[in-house]
Amino acid sequence: MTTASTTAPLPLDLDAFHRRGYAVVEGLFSAHEVQQLRTRVREAVAAAEREDRIAIESGPEGSIRVCAGDLLSNPRLRSVLLDERLQAVVRELLGGQPQYFGDSSARIGRYGMRGWHRDCVNRRRWRGGPDWQGEYPVVRCGLYLQDSSRHSGGLALRPGSHRPGRLRPTLPKLVDARAGDLIVWVLRTVHSAEAVRMRGLPHLVLPPRLQTRLPQRLRVPEDGERIVMFMTFGLEGSHLQHYIDYLKTRDYMQTSWAASSFEPEVWEQAQRAGLQVLRPVPAYGAPAVNRIPV
């Protein structure tokens, strides 16, 4: 799969994005590309398992397998991160030059750990904190490689929950995303993963705990094996730096950065794609022969 330099930018409703705190970009990747990516993710995970470079996250409904290191360090998967269509979307939604700092992954499987949460540092709005001062230009992208518009396994959001002035919880919504759609949300937006749709009431958003307790016979099934790619970007400034400083305190992120090794030409590929790549810690992006012990 190659980047699409000749592809016209998709129309985006910026007002709706700023009002809701998320956007769904339909059909960013074609059905053929989705099948290619599903194969590549499976190959990448299989290779990581052979090399003992795999992380397994277990929960009440199974486990998720994640390759060590970020997408940029994975030759099979970095083309998604550098795809010019994706970068054009992120650039327009952020309103400037995206910066990337090694926070991305490809995940296979499900584990049933559902719960409303935010991804930013100061997650409780009523407590305030730097994240709730002014606009917050840090976003996460989720590329779902199976249908979640008529199946379980997608994302649930609370539209408008990213706005500082809103005092009451907003009504939840199941995101109707098809395979190849890109979901982008502000890190302050409340959301829950692996949403379960109920048979007979597929648009009803049950509380996450009830979703987990719902018997399989009452669930709309998932569209095959769940495979999702996540990527985080931000604009240069205090909010992005606050988030990166927070990630430096998280063991899982330090482990991922330390495992993210690539050659100097990858930095050049990112530059040609219009993506500015930061080095949050010295080990990140160092070639394997020059790795700093951790």
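Three strands form an open sheet in the order E8-E7-E10, with antiparallel pairing. Strands (E, at least two residues) and helices (H or I, at least four) are DSSP runs, numbered from the N terminus. Two strands pair if DSSP finds at least two bridges between them. Strands of a sheet pair through backbone hydrogen bonds, either parallel or antiparallel. The edge strands are E8 (173-174) and E10 (191-195), each of which pairs on one side only. E7 (residues 154-157) and E10 are joined in the antiparallel sense by 3 bridges. Gly154 has Ala195 as its bridge partner in E10.

The model is predicted: local features need pLDDT of at least 70, side-chain atom pairs count only at pLDDT 80 or more, and totals for chains, interfaces and linings use all residues. Residues are numbered from 1 along each chain as its sequence is written, and side-chain values use heavy atoms, with hydrogens and water left out.

Strand E10 also holds His191. Is His191 buried or exposed? His191 counts as buried because its relative accessibility is 3%. Buried means under 20% relative accessible area, exposed means over 50%, and partly exposed lies in between (1.4 Å probe, protein chains only). The side chains of His191 and Asp119 are joined by a polar contact of 3.2 Å. A polar contact is a pair of N or O atoms within 3.5 Å; within protein, one must be able to donate a hydrogen and the other to accept it, and residues adjacent in sequence count only if both atoms are side-chain atoms. Leaving out residues up to four places away in sequence, His191 touches several residues, among them Gly115, Trp116, His117, Leu155 and Trp185. Contact here means heavy atoms within 4.5 Å.

Trp116 has a charged group over its ring. The charged end of Arg158 sits there, 4.5 Å from the ring centre. The rule asks for NZ of Lys or CZ of Arg within 6 Å of the ring centre and within 35 degrees of the ring normal. Arg85 lies in the same way over the face of Phe29, at 4.8 Å from the ring centre.

Arg85 belongs to helix H4 (residues 84-94). Its relative accessibility is 12%, so Arg85 counts as buried. The side chain of Arg85 makes a polar contact of 2.9 Å with the side chain of Glu33. Another polar contact, of 2.7 Å, joins the side chains of Arg85 and Asp83. Helix H4 also contains Arg91. At 31% relative accessibility, Arg91 counts as partly exposed. Arg91 touches Gly96, Pro98, Ala273 and Gly274, not counting residues up to four places away in sequence. The C-alpha atoms of Arg91 and Leu275 are separated by 9.2 Å, although these residues are 184 residues apart along the chain.

Strand E5 (104-109) has pairings of its own. E5 pairs with strand E3 (residues 62-67) in the antiparallel sense over 3 bridges. Arg65 has Ile108 as its bridge partner in E5. E5 also pairs with strand E11 (residues 227-234), again antiparallel, over 5 bridges. Here Ser104 has Met231 as its bridge partner in E11. Why is E5 described as largely enclosed by the rest of the structure? The reason is that 6 of the 6 residues of E5 are buried.

Met231 is also part of the largest nonpolar core, which has 59 residues. A nonpolar core is a set of buried Ala, Val, Leu, Ile, Met, Phe, Trp, Tyr and Cys residues joined through side-chain atoms within 4.5 Å. Those with the most contacts inside this core include Met231, Val41, Leu182 and Phe233. Helix H2 (residues 31-50) supplies the largest share of the core, 6 residues. A second, separate core of 10 residues includes Leu157, Val175, Trp185 and Phe230. In soluble globular proteins, nonpolar side chains tend to be buried together.

Rings of Phe, Tyr and Trp (its six-membered ring) pair if their centres lie within 6.5 Å; planes under 30 degrees apart count as stacked, over 60 as edge-to-face and the rest as tilted. By this rule there are 9 aromatic pairs. One of them, Phe101 with Tyr243, is edge-to-face, at 6.0 Å centre to centre and 75 degrees between the planes. This pair links distant parts of the chain, 142 residues apart: Phe101 is in the loop between strands E4 (99-100) and E5, and Tyr243 is in helix H6 (residues 238-247). Both Phe101 and Tyr243 are buried. Ring pairs link Phe101 and Tyr243 with Tyr100, Phe233 and Tyr246 into a cluster.
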